[in-house]
Amino acid sequence: MKRLIPLIALFVLVSCQPKDPIEQRIDDLLAQMTLEEKIGQMNQLDPSWSAEEKEPLIAQGLMGSIFNIVDPQEVNRLQRMAVEESRLGIPLLVARDVIHGFRTIYPIPLGQAATFDLALVEEAARLTAEEAVQAGVRWTFSPMVDVARDPRWGRVAEGYGEDTYLTSQMGAAAVRGYQGSDSIVKLAACVKHFAGYAVSESGRDYNSTWIPEIQLRETYLPPFKAALDAGSLSIMCAFNDINGVPASANKHLNVNILRDEWQYDGLLVSDWGSIMNMVSHGIATDRRETAIQSLEAQVEMDMQSNAYLWYLKDLVEQGVVSEQQIDACVRDILRMKFRLGLFDNPYCEVETPQYFQPEALAAAQRAAEESAVLLKNNNALPLTSNLSPLTSKPTVLVCGPLAHNQHDQNGTWCFDKVDSMTITPLMAFRQLAKESKIRLIEQKGKHWSREVSQSNIAQLTRLAKQADVVLYFGGEESILSGEARCRAHLNLPGDQSEQLRALKATGKPVVLTVMAGRPLCIGDDIAAVDAVLYAFHGGTMQGPALANLIMGEVAPSGRLPITFPQAEGQIPLYYNKKNTGRPTDHPVLIDDIPVGAGQFSIGESSYWLEYGDQPLYPFGYGLTYTTFEYGPVVLSDTILDFTPYTLHPTLQVSCIIKNTGNREAVAVPQLYIRDLVGSLTRPVRELKGFQRVSIPAGESRTVTFTLTKEDLAYWHLAEGVDLGADGKYEFSAEQGAFHVWIAPNAAEGEPATFTLK
Ligand code: NOJ
């Protein structure tokens, strides 16, 4: 009994707490709502519906959300209908895909990940929210945190790359940026696509996925959890089926994990038509059945399927589903509306929207600068360096299909961009010519990345002969990446490779800048030119950003957020692979034949005959205009004891990085660990931290990371449980030896060793 007294006291204390005012208001509203009104809240439609179809629904309070309207007057008109004409005056949620900027466009998310700059990603999201809310948008379907290891998949552009830790950090930063820290959220985030969407077999969009529970938990779920922990007010289902169950009907994901384990109280919305798509998936015979399955899986809002709108009322009346199930959904939808302050302030207040503000343009430029990764440099860059053989005022040929393409440099998913506000590389170099910093030769005319034109090549080589250096801006048009834009060949489209070779044959230095939505397998093109900047699609200010990098005003500081394969046949290729029982230990190509340097001979190790097991560039890779030397890794202890009375609850890992070149630049040290022996096989490396450190020429900086026990933990079978026994997994660290690196990328560095007791 004695032991029970504190428990009883706690219970009394908790039950005497006044109810959260938002929950109280939700209770009051729910008590007044009819079944039809409740179901109405669970629908989202886009404006392609005619006024006759949608307006009566809104005016009767039978619509929870609309999306894709960005005219503030129209938003307010519809909102007024919901608030002033409907019986209970429940405001609409107004949504839009605001993915990497609203009017001012920032680099595609994959490019943002290449910055390894969380503060900048958060800032870009904050400034994006400031623009979007002026158009009446209060809910964005972003960030996408699908860990993507297949660059054939077009949507690799929309996420933060291949790594779970980097994606988690980036996604959380974006959520903080969109939502801000005030109690009333400005722009609600929606983390997506829950879950496993990027694992679509063979990189073909919407394809099936098979993801074992442990891999799901270890690789694909943590970024969702991180975004929800950062406060994301909503989450979106994926299109794919996962282990045979479409995400929109997946109780394991949406109920067991999201609600029961994670205790999430935000809104779960379907993807566009993903509820009715379950008929095509072949797990429901008609839309009515899809409504049942999605409701059972607690999908709370139906985006564009009309399955809830048309069938839920009957289903409740027939006793197939219950009103309590509906109430649970509506409760979360109303909660989101309260968290956005919509009941108190439903209208968009800005009269004259302020877009493209200097602060936004400056952040967009900085993001474009930081997202470009220097992959190769045979002293061709920067143009103004003392090392450069060029005159102080070089004659520059600016050419290639993305040199002056205001539409395409913005990349995928930016419906609200303004092409005419986009500054291309050619425009930036024209400005430099005006300032007498260069002499400019331009390739006239509009060019497409997929174009093949011999006359173009003849014109290009003629122009190149008059120049000191060729700046070729190539890559992919924006339409080649994004949703349903998967590619089987990851080459430079059209005759870009031919153009590059013809340009190189003129004997002039050729600098290739790639503006693309994914990693491309362009090792041969890279070998053919003198320098390569991999810039992704960089948005509104990419032109000036690239000019700054090329001229040397800014030193490149981007690092690859995803492994670059040598060939499509290596995909999926990612750094934190398992070692296998027969690792190659990095064979080298000798006369085009890979020769293993490890303990296993060529005939018995894990590699591709043509390519060994190595990528073109590893995760985390990137050069700059100086060189860095990483000193040995120093540990605060070599034996880690996390028992309760330990004096060493964390491990400090540090190293000295020296700038051994002649200009200041940013190093991006990356902390990796390897659990040498586990009860399940462990990856050869796992990213656990990163920093950006600016180091002046000739100087050194000490970087320090802190590892906690959680950093060493992973998902494995609970002790004494055999593989296959469902639900018996645990997340914990196992005793034994670990390697730890502070390295410039995932393939370099020397590890130190410590032991976890
Ligand atoms: C489908 C896409 O998969 C999703 O990412 C997007 O947010 C919705 N359509 C809404 O446009």
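**Entry 1: Glu-476**

I started with Glu-476, which sits in the loop between S14 and helix H19 (496-505). Helices (H or I, at least four residues) and strands (E, at least two) are DSSP runs, numbered from the N terminus. Before going on, I noted that this is a predicted model, where local features need pLDDT of at least 70, side-chain atom pairs count only at pLDDT 80 or more, and totals for chains, interfaces and linings use all residues. Residues are numbered from 1 along each chain as its sequence is written, and side-chain values use heavy atoms, with hydrogens and water left out.

Is Glu-476 buried or exposed? It counts as buried because its relative accessibility is 0%. Buried means under 20% relative accessible area, exposed over 50%, and partly exposed in between (1.4 Å probe, protein chains only).

Next I checked what its side chain meets. There is a polar contact with the side chain of Arg-518 at 2.6 Å. A polar atom of the Glu-476 side chain also lies 3.0 Å from the backbone nitrogen of Gly-517. A polar contact is a pair of N or O atoms within 3.5 Å; within protein, one must be able to donate a hydrogen and the other to accept it, and residues adjacent in sequence count only if both atoms are side-chain atoms.

Leaving out residues up to four places away in sequence, Glu-476 touches, among others, Leu-402, Ser-449, Arg-487 and His-537. Contact here means heavy atoms within 4.5 Å.

**Entry 2: the sheet around S14**

I then followed S14 into its sheet. Six strands form an open sheet in the order S11-S16-S15-S14-S12-S13, with mixed pairing. Its edge strands, S11 (373-377) and S13 (439-442), each pair on one side only. From one strand to the next, the twist averages 20 degrees. Two strands pair if DSSP finds at least two bridges between them.

How many bridges join S14 to S15? I found six between S14 (residues 469-475) and S15 (residues 510-515), and the two strands run parallel. Leu-471 has Val-511 as its bridge partner in S15.

Helix H17 (residues 425-434) packs on this sheet, touching S12 (395-399), S13, S14 and S15, and its direction makes about 145 degrees with that of S13. Helix H18 (residues 454-465) lies across S12, S13 and S14, at about 165 degrees to S12. Axes are lines fitted to C-alpha atoms, for helices over the stretch in contact, and angles run from 0 to 180 degrees between N-to-C directions.

**Entry 3: the cores**

The largest nonpolar core has 97 residues, and Met-42, Trp-139 and Phe-194 are among those that touch the most other members. Helix H15 (residues 323-339) gives the largest share, seven residues. Where does this core lie? It lies between domain 1 (4-339) and domain 4 (628-756), because both give residues to it. The domain bounds come from an automatic or database domain assignment. Apart from this core lies another of 46 residues, including Ile-108 and Leu-520. A nonpolar core is a set of buried Ala, Val, Leu, Ile, Met, Phe, Trp, Tyr and Cys residues joined through side-chain atoms within 4.5 Å.

Last, I looked at S30 (residues 736-743), which pairs with S24 (residues 670-675) in the antiparallel sense over six bridges. Ile-673 stands opposite Val-740 there. S30 also pairs with S31 (residues 752-756), again antiparallel, over five bridges.
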